[in-house]
Amino acid sequence: MSVKYNGKHLAKFIRPEEYDTIFPQVELAHQQLESRSGAGNDFLGWLDLPVNYDKEEFARIKEAAKKIREDSDVLLVAGIGGSYLGARAVVEAVKGLYHNDTEDGLKIYFCGNTISPTYLNDIIKVTKGKRFSINVISKSGTTTETALAFRVLRKLLEDSVGPEEANKRIYATTDRAKGTLKQLADAQGWPTFVVPDDVGACAGIDIDALMKGAADAREAYSVCSKDNDAYRYAMTRNILYRKGKVVETLAAFEPDFTMMNEWYKQLFGESEGKDQKGLMPTSCIFSTDLHSMGQFLQDGSRTMFETYVDIKNTREDFYIEPLEGNFDGLNFLADQNMSVVNRKAMEGTILAHNDGGVPIGVIEVDSLDAYNVGYLIYFFWKACAVSGYLLSVNPFDQPGVESYKKNMFALLGKPGYEDRKAELEAKLG
């Protein structure tokens, strides 16, 4: 199996019979997912996506990616939330954090995920003197952060190449049939896609391998048993939560996993944080964060547990040679690959934190290639859905996200929010 959940460091914190006790609830959650009878059942397209995706659309995605790589120097991806994070996480996990600098060809930059004017101006500077295309990702087309960035970038593109040519360089990933962006795309003749795999294709990622990994994971995690690794992870999270462990830290010893960490936080935070319940998802990249968060994890409040992503094979390695004079005292590390040193740092950290009273689970992944990243994504999807049902929340809605939007619209004077505006301004003093 490409992804495995290892719970050997949990033995001091969870008794075997506790898995037996919670498993009937997992069986119910599994049944609700498979029969599409649970809360949020109209948002379960992801369950069979790896095998039921639109093959014709996939071919169009590949053609669009080929065109973008041929006619553009830069692809600007405007989106926020899971769509943006998923695309960026896959690209950086597979290609590396610095793929724009280390590889020739198309450069990919992400925007529309913030209202910061500084960030938007920096994105505009990236396009100066460059041929660029835009992929706007939004189910509705009216999400403020994305729509505002797209408004600016679309005009920039039209001013650069003219409206007719600009329409040939804009691609919309949106709802299949409805929404403002879908209507606009149809009117302007922009190619539209339902899933954001075009970003990975543009980056030169083997999206067939990505989907194959997800399909194999779907098959592996379709069996309801205590040996189902995705379910084992979901059970562990909830057992520890019921023991007062209210914070989970996802940690990896690989910087290329940074945006996967961010995607995990979006997935679990948005899915589980409801009804004043849920685990707080946090993340670290070690060994960097061991010099900051490591102190808290080692000696701080015992309200958290850690989940490590153990990447067995790195994309590249580096052989450490001995240094004449040994002035830095590091020759004891010489004559071996740096991946070995990194692994020993991980093992030492796990043992130290575990001895310090932190429950630790380990998600073992063969590598961060397209196949394994696809497998890992589905692992988290399935675990998150079951974990949400174990919490007795609907994992597939986000009612709390609307609260800040209503306040923001009111304070900005959006028509229809006049009464709320006065009330909020009074609170602000």
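In this predicted model, Lys-125 and Asp-122 form a salt bridge whose closest N and O atoms are 3.8 Å apart. The two residues lie three positions apart in helix α6, so about one helical turn separates them. Lys-125 is exposed, with a relative accessible area of 59%, while Asp-122, at 40%, is partly exposed.

The rest of helix α6, which spans residues 117-127, can be read from its buried and exposed residues. Leu-120, Ile-123 and Thr-127 are its buried residues. These three cover an arc of only 60 degrees around the axis, and therefore sit on the same side of α6. Thr-118 and Lys-125 are exposed on the other side of the helix. What covers the buried residues of α6? The cover includes the strands β2 (74-78), β3 (107-111) and β4 (132-137), together with helix α7 (144-161).

At its start, a side-chain oxygen of Ser-116 comes to within 3.3 Å of the backbone nitrogen of Thr-118. Just after the helix, Gly-129 adopts a positive phi of about 75 degrees.

Elsewhere in the model, five strands make up an open sheet with mixed pairing, in the order β1-β12-β9-β7-β8. Which strands stand at the edges? They are β1 (3-6) and β8 (280-285), and each has a single partner strand, so one side of each lacks a neighbour in the sheet. On average, neighbouring strands of this sheet are turned by 20 degrees against each other, direction ignored. The pairing of β7 (residues 247-252) with β9 (residues 304-313) is parallel and runs over six bridges. Within this pair, Thr-249 stands opposite Glu-306 of β9.

Two helices pack on the sheet. Helix α15 (residues 338-355) touches β9 and β12 (360-367), and its direction makes about 160 degrees with that of β9. Helix α16 (residues 370-390) touches β1, β7 and β12, with its direction at about 150 degrees to that of β12.

Another salt bridge brings together the side chains of Arg-15 and Glu-17, at 3.0 Å from N to O. Arg-15 has a relative accessible area of 46% and is partly exposed. Glu-17, at 40%, also counts as partly exposed. Which residues share a network with this pair? Through salt bridges with shared partners, Arg-15, Glu-17, Glu-18 and Lys-243 are joined into one network.

Key:
Residues numbered from 1 in each chain as written. Predicted model: local features only at pLDDT ≥ 70, side-chain atom pairs only at ≥ 80, totals over all residues. Heavy atoms only, no water. Buried < 20%, exposed > 50% of the residue type's maximum accessible area, 1.4 Å probe, protein only. Helix = DSSP H or I, 4+ residues; strand = E, 2+ residues; numbered from the N terminus. Arc of directions from axis to C-beta. Contact = heavy atoms within 4.5 Å. Polar contact = N/O pair within 3.5 Å; in protein donor to acceptor, adjacent residues only side chain to side chain. Pairing = 2+ DSSP bridges. Axes fitted to C-alpha atoms, helices over the stretch in contact; angles between N-to-C directions. Salt bridge = Lys/Arg side-chain N within 4 Å of Asp/Glu carboxyl O.
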